[in-house]
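Please read the report below alongside the sequence and the model. It goes from the whole chain down to single residues.

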Amino acid sequence: MLNEFKKFAFKGNVLDLAIGVIMGAAFGKIVSSLVTDIMMPLIALIFPAKPDFTNLAWEGIKYGNFIQITIDFLITAIAIFIFVKAINTAKDKMSKEEETEEKAPEVDAKEELLKEIRDLLKK
């Protein structure tokens, strides 16, 4: 049973998943900071006061909190979209640069000699 667990735990997929979870948590902090520290102050510049819907209610139904959470989600989704778009653009740019850096295959000296002989024989 211990050997089976080792095989399971050290499979590539499990390690990739673990790395993804850790990176996702770190990315979540970046997105939270982007929303809290950058986007919300910009929204506060547009509106005279920070919009807060959490106190809206109708006969005990707190629909204001739902509206606030939905707006927070939309702002977070926009921030993630912008961040991922920037990363994908940078990735595409890097891959294009790598493609241009690829060299033509080097011709072996023997192959070059054989080509010269072929060309002489054609004449």
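## Basis of the model

This is a predicted model: local features need pLDDT of at least 70, side-chain atom pairs count only at pLDDT 80 or more, and totals for chains, interfaces and linings use all residues. Residues are numbered from 1 along each chain as its sequence is written, and side-chain values use heavy atoms, with hydrogens and water left out.

## Overall form

The chain has four helices and zero strands. Helices (H or I, at least four residues) and strands (E, at least two) are DSSP runs, numbered from the N terminus. Read from that end, the order is α-α-α-α. The radius of gyration of the chain is 29 Å, well over the 14 Å that the globule rule gives for 123 residues, so the chain is more spread out than a compact globule. That radius is taken over C-alpha atoms, and the globule rule is 2.2 Å times the number of residues to the power 0.38. Along the principal axes, the C-alpha trace spans about 100 × 55 × 25 Å.

Burial comes next. Buried residues make up 8% of the 123 residues. Buried means under 20% relative accessible area, exposed over 50%, and partly exposed in between (1.4 Å probe, protein chains only). The accessible surface of the chain comes to about 11100 Å², with 67% belonging to carbon and sulfur atoms. Areas come from the Shrake-Rupley method with a 1.4 Å probe; for residues, only the protein chains shown count as cover. Of the contacts between residues at least 6 apart in sequence, 43% join residues at least 24 apart. Contact means heavy atoms within 4.5 Å.

## Annotated spans

UniProt, in an unreviewed entry, places the feature "transmembrane region" at residues 21–46 and 66–87. UniProt positions are given in the numbering used here, feature names are shortened, and annotations may be inferred rather than shown by experiment.

In the model, residues 21–46 are 100% helix and 0% strand, and their end C-alpha atoms lie 36 Å apart. Residues 66–87 are also 100% helix and 0% strand, with end C-alpha atoms 31 Å apart.

## Nonpolar core

Which residues form the largest nonpolar core? There are seven: Val31, Val35, Met39, Met40, Ile43, Ile75 and Ala79. H2 gives the most, with five residues. A nonpolar core is a set of buried Ala, Val, Leu, Ile, Met, Phe, Trp, Tyr and Cys residues joined through side-chain atoms within 4.5 Å.

Isoleucine 43 touches Pro51 and Ile75, not counting residues up to four places away in sequence.

Glycine 64 lies in helix H3. Its relative accessibility is 0%, so glycine 64 counts as buried. Leaving aside neighbours within four places in sequence, glycine 64 is in contact with Phe53, Thr54 and Leu56. The C-alpha atoms of glycine 64 and threonine 54 are separated by 4.5 Å, though the two are ten residues apart along the chain. Glutamine 68 touches Pro51, Asp52, Phe53 and Thr54, under the same exclusion of residues up to four places away.

Leucine 56 sits in the loop between H2 and H3. It is partly exposed, at 34% relative accessible area. Beyond four places in sequence, leucine 56 touches Ile61, Lys62, Tyr63 and Gly64. Leucine 56 and isoleucine 46 are ten residues apart in sequence and 22 Å apart in space, C-alpha to C-alpha.

Phenylalanine 66 is found in helix H3. Buried or exposed? Phenylalanine 66 is exposed, with a relative accessible area of 60%. Phenylalanine 66 and glutamate 106 are 40 residues apart in sequence and 64 Å apart in space, C-alpha to C-alpha.

## Charge pairing

How many salt bridges are counted? The count comes to one. A salt bridge is a side-chain nitrogen of Lys or Arg within 4 Å of a carboxyl oxygen of Asp or Glu. Arginine 118 pairs with aspartate 119, the closest N and O atoms being 3.4 Å apart. Arginine 118 is partly exposed at 42% relative accessibility, and aspartate 119 is partly exposed at 35%.
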